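The following exercises are to be worked through with the sequence and the structure at hand. Each task is followed by a solution in steps.

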Amino acid sequence: MCEKSKKTLSNEELAVRAANGDDASMALLIAIVTPIAKAKASGFANARISGEDLVQEGMLGFLDAVKTFDESKGSSFKSYAEICINNRIVSAVRENFNNKNAALSNALPYDAQSADRSDDTADPAVIISEKDETEYLAGLLSSGLSDFEKQVVDLRLLDRSYSQIAQELSCSEKAVDNAMQRIRKKMRLKLS
């Protein structure tokens, strides 16, 4: 059958032909539903899932629609495909929010160039340099701070919150905040 006559086929007929392996019919359906998938994906795009990934999920929903479409049920293929696309995108968004793929979502892309470079964190010179910087900053911190400010810094370095520090030192959160402000000011003066 020539291309011109395929364009006159209904979406339902194209879906049946595409399900039976007709690549030209599949190409025509893809051209029809790609804008639908993009529109559906744009409504769900967020920082955790790129719009392109959502469009791909939608297109997988479209492929499911082609495989499972039943012309005898009386619904239009376009409506059925829209529902399948939407359901696939919604499932992907839910799965992402449920952190089922947390390890993959937080993974960094592989960069062949940086993989070839040596790891600076294992370099003894870097470790010593970082240790020296840490000791220098610790020396700066300890000199010129009151005993209370030193206690606040020590607890803050242990990742304690202001309220936890206030409880441990039997003072108010405002006193802890004021001490942190004074410490920052003293550090800025010493580092400038």
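**Exercise 1.** Determine where F69 lies, and whether F69 is buried or exposed.

*Solution.* Step 1: F69 is found in the loop between α4 (51-68) and α5 (77-97). Helices here are DSSP runs of H or I with at least four residues, numbered from the N terminus. The model is a predicted one, in which local features need pLDDT of at least 70, side-chain atom pairs count only at pLDDT 80 or more, and totals for chains, interfaces and linings use all residues. Residues are numbered from 1 along each chain as its sequence is written, and side-chain values use heavy atoms, with hydrogens and water left out.

Step 1: F69 counts as buried because its relative accessibility is 12%; buried means under 20% relative accessible area, exposed over 50%, and partly exposed in between (1.4 Å probe, protein chains only).

Step 2: Neighbours within four places in sequence are set aside, and F69 is then in contact with E12, A15, S75, S76, F77 and Y80. Contact means heavy atoms within 4.5 Å. Of F69 and Y80, which are eleven residues apart along the chain, the C-alpha atoms are separated by 7.5 Å.

**Exercise 2.** Describe the course of helix α3 and state which residue caps its N-terminal end.

*Solution.* Step 1: α3 comprises residues 23-42, and its 20 residues reach 28 Å from the first C-alpha to the last, close to the 28 Å expected at 1.5 Å a residue. The expected span is 1.5 Å times one less than the number of residues.

Step 1: At V33 the helix α3 bends by about 35°, and a proline, P35, follows within four residues. The bend is the angle between axes fitted to the seven residues ending at a position and the seven starting there.

Step 2: The cap of α3 is D22, with a side-chain oxygen 3.2 Å from the backbone nitrogen of A24.

Technical notes:
Helices (H or I, at least four residues) and strands (E, at least two) are DSSP runs, numbered from the N terminus. A polar contact is a pair of N or O atoms within 3.5 Å; within protein, one must be able to donate a hydrogen and the other to accept it, and residues adjacent in sequence count only if both atoms are side-chain atoms.
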